[in-house]
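Please open the structure in a viewer and keep the selection tool at hand.

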Amino acid sequence: MTDRQLIKLLKKDPECGLRTVLELYEGAIKTICRNILRDCAQEDVEEAAADILVAIWRAADRFQADRGSSFKSYCYGIARKTALTRRKKLMEKEDLIPLQEDLLFMEGDLSDRLEQKEKEQVLHETVAGLEEPERSVFILRYFGFYRIKEIAKRQGLTNKKVENCLYRGKEKLRKALIRKGIER
C-alpha cells in the first residue's frame, strides 16, 4: 500500500485506516513508546500508544509526500513527539526527575553492575551540586528530553547560554567521574 493510499484510507474509513497503520507500524510505535517512557508504568506506555494512533489520524491531512519523507517516518516522528509530550506531562504531574539509568538493567557480572551503580551515584551527586541555571538546564535536556530552544524559552536564557550550561555540566560530570577513577 502506498503512502497516498493509506492517507486516503485514513480519511475515508478511519477505523480501517488505523487498523492498517497498526499492522504496518505497531511494533515500531510500541518500541518508541517503551524507550521514551522506559521508567513509567505500563499503562502510561499503552495510553501513549493509543494517543499516537489518534495523532496519526488527525495529522494525516498535513502529511506532505512531496517533501521527500515517507508516511512511515512521519508516523514515527508523531510517535516520538507524542511519547515525549506524555513523558513531560507525567514528570510535571509526579514532580519526578528520573535519574535512574537503563544501564542498571544491563547484563553483566557483579563488578559491571557495581561500577554502574557508582556512576549513577556520581551522576546524582554532580547534578545535585550544579548551581542554577546549570542544574535546571542539565535536567531539562538530559532527563526531560527538552530541546535547547525549549529550554532557553522556558528558563529565559539565550540558546548560547543553554549550550554553555550544558557544556559546563558535562565537564563537571566528566571530571567527577575521573576523580572517582571511573573514566579516563
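## Stop 1: A buried valine and its surroundings

Select V127 to begin: this residue is buried, with a relative accessibility of 4%. V127 belongs to helix α5, which covers residues 110–129. The model in view is a predicted one.

Along the sequence V127 and K172 are 45 residues apart, while their C-alpha atoms are 9.0 Å apart in space. K172 is partly exposed, at 38% relative accessible area.

## Stop 2: The overall fold

Eight helices and zero strands are present, and the order of elements from the N terminus is α-α-α-α-α-α-α-α. Of the 184 residues in the chain, 34% are buried.

## Stop 3: From K172 to helix α6

Return to K172 and display side chains. With which residue does K172 form a salt bridge? The partner is E134, and the closest N and O atoms of the pair are 3.0 Å apart. Because E134 lies in helix α6 (residues 134–142) and K172 in helix α8 (residues 159–179), the pair ties together parts that are 38 residues apart in sequence. Is E134 buried or exposed? E134 counts as buried, at 8% relative accessibility.

Keep helix α6 in view and select V137, which is placed in this helix. V137 is buried, and its relative accessible area is 0%.

## Stop 4: The loop between α5 and α6

Select P133, located in the loop between α5 and α6. The peptide bond that joins E132 and P133 is cis, with omega at about 5 degrees.

Now show the side chain of E132 together with that of R135. These two side chains meet in a salt bridge, at 3.1 Å from N to O. Both residues may be coloured by accessibility: E132 is partly exposed at 43%, and R135 is partly exposed at 26%.

## Stop 5: Further salt bridges

Side chains of opposite charge can pair when their charged atoms come close. The structure holds 11 salt bridges, among them one between E150 and K88, whose closest N and O atoms are 3.6 Å apart. E150 is in helix α7 (residues 148–155) and K88 in helix α4, so this pair ties together parts that are 62 residues apart in sequence. The two partners fall into separate accessibility classes: E150 counts as partly exposed at 32%, whereas K88 counts as buried at 16%.

For a group of linked residues, select D44, E47, D51 and R86. A network of salt bridges links these four.

## Stop 6

Two members can be examined in turn. R80 lies in helix α4, which spans residues 71–94, and counts as partly exposed at 45% relative accessibility. K81 is also placed in helix α4. Which accessibility class does K81 fall into? At 58% relative accessibility, K81 counts as exposed.

## Stop 7: The cysteines

Finally, select C40 and C75 as examples of cysteine. C40 is partly exposed, with 23% relative accessibility. C75, by contrast, is buried at 0% relative accessible area.

How many disulfides does the structure contain? The count is zero, because a disulfide requires a pair of cysteine sulfur atoms within 2.5 Å.

Definitions and conventions:
Residues are numbered from 1 along each chain as its sequence is written. This is a predicted model: local features need pLDDT of at least 70, side-chain atom pairs count only at pLDDT 80 or more; totals for chains, interfaces and linings use all residues. Side-chain values use heavy atoms; hydrogens and water are left out. Buried means under 20% relative accessible area, exposed over 50%, partly exposed in between (1.4 Å probe, protein chains only). Helices (H or I, at least four residues) and strands (E, at least two) are DSSP runs, numbered from the N terminus.
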